[in-house]
Amino acid sequence: MSGDDSAAATQYLPPVAGGAPAGGAPVPPPPYQAPLGGAPAQGERPPPSEFDGLFRASAASAAASGAAGPGHVPPPRAPHVAAPHVAPPQPAPVSPPPRRKLPTAAIVGIVVAGCAVAGLAAGALLSGGGGDEKKDTPQNAAVSSETPGDAPKGDDGGKKEPSASADPADPAVAQAKALDALLKDSNNSRDAVIKAVDSTRSCKDLDKSASDLRDAAKQRDGLVTRLQKTAIDKLPNSAELSAQLTKAWQSSSSADTHYAAWAGEVGGKHGCVKGHARPSGESAAGDRASGDATAAKKAAADLWNPIAKKYGLSQHSWAQL
């Protein structure tokens, strides 16, 4: 084999493990590894101190750089769990302060005071009620002024009061007493007139009704005659009082006369329709005269009652004249 062939043959030889490197350089010994027990085995030579420093420097540099050494396994990470949602704490409800109870004595005092006030109010209502007199209403057509319920029956129309000036020497006292007696008699035929007019409207007792009405007219005429013979010139507003009384009684007499004639008509043929009197000219004339009598009686009562109060005599409502 020639020299070139030997060189080519040796060029592809693989390196020998553990052998020297090419070029004849010495192979450094492998680094020393301490046994697992930490102490060298018997017969083994401990590593030189320079190797120990070398390994310590390598370990420090590896820790500083964060690189893991051979065989280092990072600790397993726990799975990420989202934190549960916790609602913010609600403020605790503030309870209202407890009410202070009134002492028993105070409650009793309040109840007693309330009862006293209620009693006073009820007493005021009872004492003040009933003082209003019934107001007079105008009479309708075909209705006499002498209707029931206008005023309480009886001679005395009002309460007598103590006389403010009862001097017997005063001529007005005697005149007032004389007129008072006449006014008391003016109410005598009132009931008979009311009953006669009602019977005529319902077509009952027509003959008796007509007779009673004619008697009442005569009684009113007699009152006018007696008034003309009674001196009342010393009384306050005597002229006006005499005129109103005269007109009242004359108008009442006229009304009674017309109603009596109406009762005669009702008793004739076609005078009643289904138990009711048929209106006529006599009934209409009686209504007008009755309205005139009512107006005059109200005026006369307003003039007389102050006189009666002054001398302690009976007061009268207009329906009692």
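There is 1 disulfide in this structure, and the model it sits in is a predicted one. Besides that bond, here's a quick look at how helix H4 meets H6 and at the 1 aromatic pair that a search of the whole structure turns up.

**The disulfide**
- Cys203 and Cys272 are the partners, with their sulfur atoms 1.9 Å apart.
- This pair ties together distant parts of the chain, 69 residues apart: Cys203 sits in the loop between helix H5 (190–201) and helix H6 (206–229), while Cys272 belongs to strand S1 (residues 272–273).
- The torsion about the S-S bond of Cys203 and Cys272 comes out at about -120 degrees, so we're looking at a left-handed disulfide.
- Cys272 has a relative accessible area of 32%, so it's partly exposed.

**H4 against H6**
- The axes of helix H4 (residues 171–185) and H6 come within 10 Å, crossing at roughly 175 degrees.
- That's over the 145 degree cut-off, so H4 runs roughly antiparallel to H6.
- On the H4 side, the contact involves Leu179, Ala181, Leu182 and Asp185; on the H6 side, they meet Gln219, Leu223, Arg226 and Leu227.
- Sorted by type, the residues of this H4 and H6 contact are 5 nonpolar, 1 polar and 2 charged.

**The aromatic pair**
- The search of the whole structure gives 1 aromatic pair.
- Its members are Tyr259 and Trp262, with ring centres 6.3 Å apart and planes at 50 degrees, so the pair counts as tilted.
- Both Tyr259 and Trp262 lie in helix H7 (residues 238–266), 3 residues apart, or about one turn of the helix.
- Tyr259 is buried, at 1% relative accessibility, and Trp262 is buried too, at 5%.

Definitions and conventions:
Residues are numbered from 1 along each chain as its sequence is written. This is a predicted model: local features need pLDDT of at least 70, side-chain atom pairs count only at pLDDT 80 or more; totals for chains, interfaces and linings use all residues. Side-chain values use heavy atoms; hydrogens and water are left out. A disulfide is a pair of cysteine sulfur atoms within 2.5 Å. Helices (H or I, at least four residues) and strands (E, at least two) are DSSP runs, numbered from the N terminus. Buried means under 20% relative accessible area, exposed over 50%, partly exposed in between (1.4 Å probe, protein chains only). Axes are lines fitted to C-alpha atoms, for helices over the stretch in contact, and angles run from 0 to 180 degrees between N-to-C directions. Angles under 35 degrees count as roughly parallel, over 145 as roughly antiparallel, 65 to 115 as roughly perpendicular and the rest as oblique. Contact means heavy atoms within 4.5 Å. Ala, Val, Leu, Ile, Met, Phe, Trp, Tyr, Cys and Pro count as nonpolar, Asp, Glu, Lys and Arg as charged, and the others, Gly among them, as polar. Rings of Phe, Tyr and Trp (its six-membered ring) pair if their centres lie within 6.5 Å; planes under 30 degrees apart count as stacked, over 60 as edge-to-face and the rest as tilted.
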